[in-house]
Amino acid sequence: MATKMHLVFLAFLSLIPPFMVAQADPGYSYGYGFGWGSGGGNDYSSLSPYFYDFSCPQANNIIASVLENAVAQDPRMAASLLRLHFHDCFVQGCDASILLDDSATFVSEKKAKPNLNSLRGFTVIDEIKARLEEACPETVSCADILALVARAASVLSGGPNWEVPLGRRDSKAANMLLANATIPPPILTAQKLIASFQQQGLDEVDLVALSGAHTIGVARCTSFKQRLYSQNGNNQQPDLSLEKAYLNELKSVCPSSGGDNNITPLDYASPKTFDNTYYKLILGGRGLLFTDQQLYSGNYANLAQLVKSYAEDEGLFFDQFAKSMVKMGKISPLLGSNGEVRKYCRRPN
Ligand code: HEM
Ligand SMILES: *[C@@H]1O[C@H](CO)[C@@H](O)[C@H](O)[C@H]1NC(C)=O
């Protein structure tokens, strides 16, 4: 009885606007930035979902509506934008360094190996930022835009929703060398994937759940071709963890010579829908990237068990994906008076 009442109360709470929850629950009343005033130049010391509630309450609606139009014109855009947040956070933290173009003092991360001829969606971010600057000048950081866009991309594709902690500020520089070094390439073994994520404070559960982002979007042949013809670099045999019929399909998309920029879905069963088929495919040897398949075939019982669990229970995957996205979004944010709120995401102020 008491438990039931509690649940009803929680359901009720979730309908109350966030600022009311903040007053009702002492747990929220201290230490969170509310974005009073201009929203720029604040000195809040941690991220909060309510950061823009007063300084730019319309931020999320603007982001969602621009994204909706962009995805209507180009369905792949949801995937491309979700990926941007990941490639941002893995390089000196979630600070929108990924969005900076070349300057006199640094080279853009867009030219780093994992990003070149691969990342997309920058003009959509430009459009969002322009609309936000009109509505609430110098208030919403580019780093927070990437975090909100990632969430919106998930929701718009049928994936989970979550509360996005906000208040990140933007870096004044990019680091191409760091991008080469810290964004995991698709040839890593399970062991190296675990190490790569661990460096960012993310564990094995985060690794398997976040890889589920590959339920949407595509990859170029160059990202997985080695598996098809010469897994060990000796032109002898394909990756044995690759199911045979799927291997032949992929060979027809990616010939042994040329076609490196041809693309194919990461989850061919439902490439535009955020669901758990990515994991189901992996159970059958149909992970597209070597790294996707390593989660199940890389001799790590922990990882393999997680792949199975998410393949069996989509709700479990959604819950964990949301949690892990929040965790990834908290990698080394610039807070307080560190960094700045860029006016234009492509260059420092
Ligand atoms: C676990 C390590 C990961 C590796 C090795 C990896 C690697 C890759 C590669 C090679 C591609 C294709 C790029 C191309 O061929 O142009 C790709 C696409 C993609 N990745 Fe990952 N990724 C990883 C984790 C993640 C995470 C954590 C996310 C987001 C939370 C993510 C989101 C995406 C999305 C959505 C696409 C499709 C993008 C599009 O269609 O434009 N990936 N990834
Ligand atoms: C980083 O990657 C880019 C693109 O492949 C390359 O031009 C650059 O030299 C790389 N830098 C280092 C130090 O690896």
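User: At what angle do helix α8 and α9 pack?

Analyst: In this predicted model, helix α8 covers residues 190-198, and its axis lies 9 Å apart from that of α9. Angles of 65 to 115 degrees count as roughly perpendicular, which makes α8 roughly perpendicular to α9. The angle at which the two helices pack is about 100°.

User: Which residues in α8 meet α9, and how many nonpolar, polar and charged residues does the contact have?

Analyst: On the α9 side, the residues are E204, D206 and L207. Those that meet them from α8 are L193, I194 and F197. By class, the contact of α8 with α9 has 4 nonpolar, no polar and 2 charged residues.

User: Between which domains does ligand 1 lie?

Analyst: Domain 1 is made of 19-183 + 331-349, and domain 2 of 202-328. Both give residues to the shell around ligand 1. Ligand 1 therefore lies between domain 1 and domain 2.

User: Which element supplies the largest share of the shell around ligand 1?

Analyst: At least two residues of this shell come from each of α4 (77-89), α9 (204-211) and β1 (218-220). The largest share is 5 residues, and the element that supplies it is α4.

User: Which residues come nearest to ligand 1?

Analyst: There are 23 residues around ligand 1. By class, they comprise 12 nonpolar, 7 polar and 4 charged residues. Those that come nearest are S80, S118, A213, G217 and A219.

User: In which helix is D88 found?

Analyst: UniProt, in an unreviewed entry, lists D88, V91, G93, D95, S97 and E109 for "binding site". They span 22 residues in sequence, and no two of their C-alpha atoms are more than 13.1 Å apart, so they gather at one spot. The helix in which D88 is found is α4.

Conventions
Residues numbered from 1 in each chain as written. Chains lettered and ligands numbered in written order. Predicted model: local features only at pLDDT ≥ 70, side-chain atom pairs only at ≥ 80, totals over all residues. Near = placed C-beta within 6 Å. Helix = DSSP H or I, 4+ residues; strand = E, 2+ residues; numbered from the N terminus. Nonpolar A, V, L, I, M, F, W, Y, C, P; charged D, E, K, R; others polar. Domains from an automatic or database assignment. Axes fitted to C-alpha atoms, helices over the stretch in contact; angles between N-to-C directions. Parallel < 35°, antiparallel > 145°, perpendicular 65-115°, else oblique. Contact = placed C-beta atoms within 7 Å. UniProt positions renumbered as here; feature names shortened; annotations may be inferred.
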